[in-house]
Amino acid sequence: MTPVRLFRKLTRLAIVSTGCALVAVALPTGTAGATPSSGISAVNLAQADIPAGLLPFITGPGQATVREITIAPGGTTGWHFHDGRLVGIVKQGTLTHPGADCKPVIYRQGQLIVEPEGEKNTHVGRNLTKTPVILDVLYLLPKGKPFFEDAPAPACDAPR
C-alpha cells in the first residue's frame, strides 16, 4: 500500500471511529524564547484513542488526531517539535520546512510529510508564497500531550 493510500485509509478510519464534525481549535500559546506562529488556523477533523503498546514510539496510551491546517501567505508555524509522530499531505500550496539545520525542504501539493518525534527534530513550517498552504495531518501523540511544543529558533536561522 502506498503512503498516500495508507494516510487516506487512516484518515477515514479516524473519521469513522470518532464521528467528529469539523470543530475549530485554538492553537496553544507560546513559551519564553519561542518563535511565535502567525497566519495559522487549524480544524480538528477526527480523533481516536490509541491503545497502549500499539505504537512502539508511544509509551502508554496515545491519541490519533486528524487536523486540517491552513498557513496564510507569509505565515509561519514558529519553531516547534512534536512529542509523537506526524504524517501529513500537502492538499494545496508549497510549504517551506527547514529543520534544526536550517536547510529548507520544499513540499508541494500531493507530497507526504513525515515528522519524527522529539526535541532533536525541531522545525518550522513557512508559507513563502502568495497562496494559502493547506495540510491534512495525522498526529500520533501520547495521550494528553499538545499538538506541538514551542522551541526557540536555532542559531542558524537568520532573523526574518
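Lys91 and Glu68 form a salt bridge, with their closest N and O atoms 2.8 Å apart. Lys91 lies in strand β5 (residues 85–92) and Glu68 in strand β3, so the pair ties together parts that are 23 residues apart in sequence. A salt bridge here is a side-chain nitrogen of Lys or Arg within 4 Å of a carboxyl oxygen of Asp or Glu. The model is predicted: local features need pLDDT of at least 70, side-chain atom pairs count only at pLDDT 80 or more, and totals for chains, interfaces and linings use all residues. Residues are numbered from 1 along each chain as its sequence is written, and side-chain values use heavy atoms, leaving out hydrogens and water.

**Overall build**

- The chain has one helix and 10 strands. Both are DSSP runs numbered from the N terminus: helices are H or I with at least four residues, strands E with at least two.
- Along the sequence, the pattern is α-β-β-β-β-β-β-β-β-β-β.
- Of the chain's 160 residues, 41% count as buried. Buried means under 20% relative accessible area, exposed over 50%, and partly exposed in between (1.4 Å probe, protein chains only).
- Among contacts with a separation of 6 or more, 74% are between residues 24 or more positions apart. A contact means heavy atoms within 4.5 Å.

**Salt bridges**

- The count comes to five salt bridges.
- Lys91 is partly exposed, at 40% relative accessible area. Glu68 is also partly exposed, at 23%.
- Asp136 and Lys91 meet in a salt bridge of 3.8 Å, N to O. Asp136 lies in strand β9 (residues 133–142) and Lys91 in strand β5, so this pair ties together parts that are 45 residues apart in sequence.
- Asp136 is buried, at 14%.
- Asp157 and Arg126 form a salt bridge, their closest N and O atoms being 3.1 Å apart. Asp157 lies in the segment after β10 (149–150) and Arg126 in the loop between β8 (112–115) and β9, so the pair ties together parts that are 31 residues apart in sequence.
- Asp157 is buried, at 18%. Arg126 is buried too, at 7%.

**Gln63**

- Gln63 sits in strand β3 (residues 62–76).
- Gln63 is buried, with a relative accessible area of 17%.
- Beyond its neighbours within four places in sequence, Gln63 has contacts that include Gln47, Ile50, Tyr139 and Leu141.
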